[in-house]
Amino acid sequence: LGEDEFKSLWESSGDDGDDNMDLERFLKFNNALDDLFVFDEDEEVDDEVDEISSDMVEEEEEETEEEEEDVEVQQQQLPVITETDLPPAVLFSQLANENYLVGEAELKRWGELQDMISQGDLSQEELDVLVGRVEKAPGTDGMYVNEEGFCKLAEAIDDLFEDVDDKASDEPEQQQQDEDFRELKVELLELLEDIDKIGEEEGRLLCGLDCNELEQERVLEVVGEIERETYNKVVAASNTGGGAVSKDELLGEWELLYSSSSTMKYNEGLSGLAGGLTRFGGLKQKIIGTKYLSDVEYTEQVVGKLGGKSYEVKITGDWEMKTELSLFTGKPANVMSVTPDNVVYGPRRDKADHWKSLGPMNMLLLSYIDEDLRIMRGNTSTDTLFIWKRC
């Protein structure tokens, strides 16, 4: 037998790139090899080979049937888990087979699940869909799930059934949350109002620019609580996975209620033009946004005292909302970026490029917003607050 002849026989037997032969390929190879040589009892040899092959196939089929019957008997002997409301991990441990996996046979031992199907609360088709969505255990041809997959399946089934009693019990809890939120918001607004009243009596600046350290700490404390509320659209956007608040939420006219900015304190306002015979008289912000434009306009009141003249300072520019990683938390944060353009007061109109007093407003984090209240924090100093109320 030549090497080329051997190679030809090997390939003709059904070479699929594997160095090993199964029974079928070996029989083909052996028959082809026999055909190269003449035996006196050729037909008898062929009959013997066919008989051996047939016997081996029959034996394999019988062994497979016996194994399937053994598994079925074993499953029938295992008890049905009738306990209800078991934690998914505990339930999995009671259902899992010897390989610590759960398949179709194991699910039939889940008594509560079978009751749902028999009572029509859950159809077999619905169950198949839920099972199909769960990631299967590796190496099981999509037939079994591990503990993690089973827990996800159990949670998905639970989500289909919401107890009316649970909903009813949730209502008082939701009402309590509503009341707590309203109390927090009222507390914050009343605190800011008191600061302004005391400031007016003592001749201090508006918007908390002259408030003491104790008042600042109290405002910061209440703001920290209100920012965590679910009514905060910043929190809501983060919980839904989007993270970014729509810029439309900011559009409109806002009045500054409070600021703890050290720069605004030092300059006695935003523009730095107040002082001497004038004083800071309040600040409004107008945010405009269309498909093509994003404009912002600040209007600062400069109030005359002791014969000083009152006037308005208007600061215009562009703005945008973007999502950036916070320097402090490492998480995505909503940042309002403002690029000042012009400062207009009286007959004068100056470029705002190098107007240093405007710096605190140029980059702020949006930490809270609802229908009529907005809180911004400093981008590099989160203790710096700007609290705005919609006009």
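**Exercise 1.** Classify aspartate 350 as buried or exposed, and state which residue forms a salt bridge with aspartate 350.

*Solution.* Aspartate 350 has 17% relative accessibility. Buried means under 20% relative accessible area, exposed over 50%, and partly exposed in between (1.4 Å probe, protein chains only). Aspartate 350 is therefore buried. Its salt-bridge partner is arginine 348, with the closest N and O atoms 3.3 Å apart; a salt bridge is a side-chain nitrogen of Lys or Arg within 4 Å of a carboxyl oxygen of Asp or Glu. Arginine 348, at 47%, counts as partly exposed.

The model is predicted: local features need pLDDT of at least 70, side-chain atom pairs count only at pLDDT 80 or more, and totals for chains, interfaces and linings use all residues. Residues are numbered from 1 along each chain as its sequence is written, and side-chain values use heavy atoms, with hydrogens and water left out.

**Exercise 2.** Locate the two residues of the salt bridge between lysine 185 and aspartate 370.

*Solution.* The N to O distance is 2.9 Å. Lysine 185 lies in helix 9 (residues 164-201), and aspartate 370 in the loop between strand 7 (363-369) and strand 8 (373-378), 185 residues apart. Helices (H or I, at least four residues) and strands (E, at least two) are DSSP runs, numbered from the N terminus. Lysine 185 is buried at 15%, and aspartate 370 is buried at 3%.

**Exercise 3.** How far apart along helix 8 are lysine 152 and glutamate 148?

*Solution.* They are 4 residues apart in helix 8 (residues 147-159), so about one helical turn separates them.
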